[in-house]
Every structure is written in structure tokens, then in C-alpha cells.
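Please read them with the structure open.

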Amino acid sequence: MKIQNSFSGDAEGGLYVVPTPIGNLEDITYRALKILKTVSVIAAEDTRNTRKLLNHFEIATPLISYHEHNKESREREMIDRLTNDESIAVVSDAGMPAISDPGYELVQAAIEADKPVVVLPGANAALCALVGSGLSAGEFHYYGFLPRKKKDKTMELERLKTLQATLIFYESPYRLKDTLKALHEQLGNRQMAAARELTKKFEEYVRGTIEELISWTEEKELKGEFCLVVEGSSEAVAEENSLWWSHLSIKNHVTAYINEENIPSKEAIKRVAADRNMAKRDVYQAFHID
């Protein structure tokens with residue numbers, strides 16, 4: 001067990017997790033600016049992008065890159081810096097580091113090295129979209145980006161479909177149409193909202209049913225990153241879906257029929273398709289995933 005008293009004494013060598021604006025530069029906090037000015041170095045997902053932010057606020061703190069492709073070597077370097085009582089701020093291109101962005105492993109490494117980790121509050125696209133969606137924010141499940149491959153996406157949505165919590169996804173404009181269709185196929189025609197260009201000049205919320213949003217995408221040029229907020233499963237639907245197989249993946253569902261009833265895979269696939277109200281070809285494809 002590790003206990004951290006973040007502001008006791010005059011401890012040096014801390015890691016600061018600093019959210020940056022997701023669009024509007026005025027959304028940065030005074031505290032974030034102070035930290036960015038006073039730390040020894042700033043670890044940035046893209047130094048070019050962060051340099052623009054620093055230049056805007058006349059901050060001259062040195063930058064180093066910290067992203068998906070160099071994080072292991074950088075983590076060792078930064079833990080050495082922390083051990084030598086340097087202070088480090090980690091930032092992503094926009095929003096809160098570690099939320100669908102680099103940062104989690106560095107936080108974990110700092111904790112293991114017994115160095116303090118101080119997280120600043122700030123901009124986050126998922127929470128902005130959730131509150132602005134008009135859907136329930138009492139309980140929510142943040143997922144982030146769904147898998148790109150249709151088979152993997154289907155399996156993940158199958159796993160999430162019975163959750164009564166409001167669901168939050170990120171998606172690019174290039175995959176939005178396919179993702180909306182997958183949501184409709186797996187979750188039904190629920191209420192949802194799509195938020196794009198949050199905090200920017202062209203901020204837009206589109207609220208309605210999944211079918212209505214699919215129609216909207218057909219007549220719209222899609223630009224900007226999207227945050228999708230989808231109504232959770234109703235209690236009745238959740239109860240209806242709480243069948244013996246509801247916790248199983250499609251592949252495991254088919255396998256259960258084969259093993260327990262000693263039937264050929266063709267028949268098992270047919271039964272699973274009927275159970276889940278899916279096309280047999282989709283069950284077949286999911287079952288034969290390596």
C-alpha cells in the first residue's frame with residue numbers, strides 16, 4: 001500500500017498531469033499555466049502541437065516528446081529525472097493525459113518509484129459531451145475508441161449492450177457512419193447525441209435516435225473528431241438480455257452449444273443467430289476469428 005500526501009512539506013521531483021484545452025485556449029486554468037511555467041520539463045504527445053500552446057502563453061519551459069512509439073525509453077528517462085528531484089508535467093495534444101492518450105504508464109511508473117503524482121483538473125471532451133447530450137449522467141461508462149474491424153467492434157458492443165449506464169465513445173469522422181450502423185445493429189434504436197468540434201467555433205451537438213443520426217450523416221460532410229453519447233440499456237431490456245449466454249462472446253456462445261449439446265458448429269451457429277437476433281453469416285464470421 002502506498003499513501004501520498006500531495007502537498008505536505010517541500011517535496012521535489014513530482015509528476016504533474018496537466019490537461020490542455022480541447023479547442024478553446026481560454027479553457028486552460030491559471031494553475032495549469034503556473035505548473036507549465038515552473039516544472040523542469042514538459043513531456044508532450046506532439047511537441048509541435050504543444051509548442052503552439054506554450055508560445056501563445058509565452059511559456060519557455062523545455063519540451064521532450066512522449067508518445068506511443070517512444071514511451072518505454074522516455075519513461076525510464078523521466079523516472080531518472082524525478083529521482084534527481086526534477087519536476088515534470090505530462091500533457092497530451094488535447095484534454096486529459098491517459099484518457100485515450102499517453103500517460104497511464106508514466107503515472108504508474110512514478111507511483112512505483114514513490115514519486116508524487118499530482119493531477120490537475122481541466123478540459124475533457126467526454127464529460128463535456130456527456131453533460132451536453134441531455135442523457136443521464138448519473139452513471140456512465142467511458143469506452144473511448146471502438147475497434148476498427150467490424151468483427152471486433154461487434155463483439156465489444158455485444159459485451160456493452162446490457163449496461164444500463166450511459167455509454168461514451170470517441171470516433172473519427174471517417175469511421176462515424178460505420179460505427180453508427182454498428183450501434184444500431186447491436187444496441188437498437190436508442191437515444192444518443194454526437195458532439196463535434198467541442199469548445200471550438202463550429203461546436204455542434206446532434207441529438208436524436210441512432211436512426212436519425214444515421215440519416216443525418218448521409219446528407220452531411222463530416223468533419224472534426226466526434227464524441228458519441230448513447231443511452232444505456234433500459235431495465236426491461238437489460239433483464240431480457242440477462243440470459244445464460246449474455247456474458248459470453250459470440251465465439252464462446254457457439255462453443256458452449258457445441259460442447260454442451262454435442263451438435264455440429266453449423267447448428268450451433270444457427271442457434272446463436274436466433275438467440276441474438278443476428279444474421280448467421282455474422283455469427284459465422286465472429287466464430288471463426290483467430
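1. In this predicted model, helix α3 (residues 71–83) packs against helix α4 (residues 104–112) at an angle of about 35°, and their axes are 10 Å apart. The two helices cross in a right-handed sense.

2. On the α3 side, the contact is formed by Lys 71, Glu 75, Met 78, Ile 79 and Leu 82; α4 contributes Glu 105, Leu 106, Ala 109 and Ala 110. Of the residues in this contact, six are nonpolar and three are charged, with no polar ones.

3. Five strands make up an open sheet with parallel pairing, in the order β3-β2-β4-β1-β5. Its edges are β3 (63–65) and β5 (117–119), each of which pairs on one side only. From one strand to the next, the twist averages 25°.

4. At one end of that order, β2 (residues 41–44) and β3 run parallel and are joined by three bridges. Ala 44 is opposite Ser 65 in β3.

5. Both helices of the first point also lie across strands. α3 lies across β1 (15–17), β2, β3 and β4 (88–91), and runs at about 145° to β3. α4 lies across β1, β4 and β5, running at about 150° to β1.

6. Most residues other than glycine have a negative phi. Glu 197, however, has a positive phi of about 55°, and the phi of Thr 199 is also positive, near 70°.

Note on methods. Residues numbered from 1 in each chain as written. Predicted model: local features only at pLDDT ≥ 70, side-chain atom pairs only at ≥ 80, totals over all residues. Heavy atoms only, no water. Axes fitted to C-alpha atoms, helices over the stretch in contact; angles between N-to-C directions. Helix = DSSP H or I, 4+ residues; strand = E, 2+ residues; numbered from the N terminus. Left-handed = near helix turned anticlockwise from the far one by under 90°. Contact = heavy atoms within 4.5 Å. Nonpolar A, V, L, I, M, F, W, Y, C, P; charged D, E, K, R; others polar. Pairing = 2+ DSSP bridges.
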